[in-house]
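Visitor: Please show me how to read some features of a structure, one at a time.

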Amino acid sequence: MNPQLSQDGRLRHLLTLDGLPRAIITQILDTAESFMDVGEREVKKVPLLRGKSIFNLFFEPSTRTRTTFEIAAKRLSADVVNLNIATSSQTKGEAILDTVDNLSAMHADMFVVRHAQSGAAHFIAQHVAPHISVVNAGDGRHAHPTQGLLDMFTIRRFKGEFHNLTVAIVGDVLHSRVARSQIHALTTLGVPEVRVIGPKTLLPTGVEQMGVRVFHDMEAGLAGCDVVIMLRLQNERMKGARLPSSQEYFKFFGLTPEKLALARPDAIVMHPGPMNRGVEIASEVADGPQSVILPQVTYGIAVRMAVMAMLAGTGNA
Amino acid sequence: MHASLPDANTLIVQLADVIAPALTPDTLIVGIHTGGVWVAERLHALLSCSQPLGTLDISFYRDDFSRIGLHPQVKPSNLPFDLEDRAILLVDDVLHSGRTVRAAMNELFDYGRPASIRLAVLVDRGGHELPIRPDFAGLSITVPDHRNINLSRLDDGHLTLTLA
């Protein structure tokens, strides 16, 4: 049984895109489309979640994700409380479930959870009362489902369909929860060719079993792509001796205008942020005409609104 | 108990005749998804309205959201005009409790402050639960609460009213 779905098959928690039915993913994208126009109106709010309390539980720092979740919740008229736990009780040694119990006693309706430990959001979802929903906002290397969904929304907006696309994910797939969520969503939505491109040291062993084609040569991997998704290279990877230097990395796996020219002329370039300019992506590309990196951020609000609206509507409130 | 319902297409023509004298040229017609949009499209044509047609999906404004959740098929609202200080003719297919109309008015006000809103419905079936009454109705009848009047549209665009 899928712990993310209620008995009648509706979204109960959003923890991972692995195993999430295509119909639910499509419903989220369609609902997000309806929320897009709310951001353009005189009053950028709908009353759907009036009286609901949403707690952003961030055990790991984040600016963009936390901010867009906060804006999304506010546009749904929910009350939002942000907790940066790294700087609060957790440092005093309070167990994670005690934190959750205390916030539940404050009548929380939804938790948005980011944690450095894979599985943290699942763990909380198993523990909370039936009327409370949990959204995974990134857990360790495991999953970042709302990022994966907003990436699908971006692709659909610019490319229309999924069934005729070639999509490349480039860079540090090994440490990337974003890449895992993207791969699950792309294959579920029927993208016929998903490629991962990166040095052997940054691709997980057995990644082929996720249904992707593996390239270690970026030029070969980019040929004919409709969508190029760049991943952030975390600087600490250099210290772990997985890579010689950021200059060396940029030379082989950084996206430059010359390399992008090998993809289809109408290819779009995506990046989940924050970017390392001159490491995984050249500024000319990041700020260039094929970049859709800033629209991704805007779409993230509508997609998170859709997820929270669907979750709140499934509760037994 | 029921005699057959009148033909929806004839009713719309009659409704347009009633509305026409009261309609100013700058009135904006707004239909509520889904049946209200069908009726609004017809009225828009019959009344030769020069303004673009607006559509509303009130899913995000329903008062029963916490009981029944989000409608699985939410359509975008589309109001291709500034409704500040404008006269609005709001159109729905069937008026029952009045809750849909309340939600629609709440949504309209999030786009701006209209000068006025009037309500046109194809059928006013009674059973109102709010102080909301139509300014124009194609048909007014009383239907018991447990029964439903539905407007459906065939592929050729023909509209039909049924009592279930």
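Visitor: In which loop is B:Ser48 found?

Guide: Helices (H or I, at least four residues) and strands (E, at least two) are DSSP runs, numbered from the N terminus. B:Ser48 sits in the loop between α2 and β2 (54-56) of chain B. B:Ser48 has a positive phi of about 50° although it is not a glycine.

Visitor: What kind of model is this, and how are residues and chains labelled?

Guide: This is a predicted model, in which local features need pLDDT of at least 70 and side-chain atom pairs count only at pLDDT 80 or more, while totals for chains, interfaces and linings use all residues. Residues are numbered from 1 along each chain as its sequence is written, and chains are lettered from A and ligands numbered from 1 in the order in which they are written.

Visitor: What does pLDDT say about chain B?

Guide: pLDDT is the predictor's confidence in each residue, from 0 to 100. Where pLDDT is low, the predicted coordinates should not be read in detail. Chain B averages a pLDDT of 93, and 98% of the residues score at least 70. For the complex, the predictor gives an ipTM of 0.80 and a pTM of 0.90.

Visitor: Is B:Ser48 buried or exposed?

Guide: A residue is buried if 20 or more other C-beta atoms lie within 10 Å of its own, exposed if 12 or fewer, and partly exposed in between; C-beta atoms are placed from the backbone. B:Ser48 has 10 other C-beta atoms within 10 Å, so B:Ser48 is exposed. B:Asp85 also has a positive phi, about 60°, although it is not a glycine. B:Asp85 lies in the loop between α3 (65-68) and β3 (87-95) of chain B, and is exposed because 11 other C-beta atoms lie within 10 Å.

Visitor: Which residues does a cis peptide bond join in chain B?

Guide: Omega is the angle to read here. The bond between B:His33 and B:Thr34 is cis, with omega about 0°. B:Thr34 is in the loop between β1 (28-32) and α2 (35-46) of chain B. In chain A, the peptide bond from A:Gly273 to A:Pro274 is cis, with omega near -10°, and A:Pro274 lies in the loop between β9 (268-270) and α11 (283-286).

Visitor: How many residues of chain B are in contact with chain A?

Guide: Two residues are in contact if their C-beta atoms, placed from the backbone, lie within 7 Å. By that rule, 15 residues of chain B are in contact with 17 residues of chain A. The side of chain B that touches chain A has 8 nonpolar, 4 polar and 3 charged residues. Here Ala, Val, Leu, Ile, Met, Phe, Trp, Tyr, Cys and Pro count as nonpolar, Asp, Glu, Lys and Arg as charged, and the others, Gly among them, as polar.

Visitor: Which domains does the assignment give for chain A?

Guide: Domain bounds come from an automatic or database domain assignment. For chain A, the assignment gives domain 1 (22-142 + 298-312) and domain 2 (145-293). Between these domains, 19 residues of domain 1 are in contact with 16 residues of domain 2. On the side of domain 1 that touches domain 2, α1 (22-36), β4 (133-139) and α12 of chain A each supply at least two residues.
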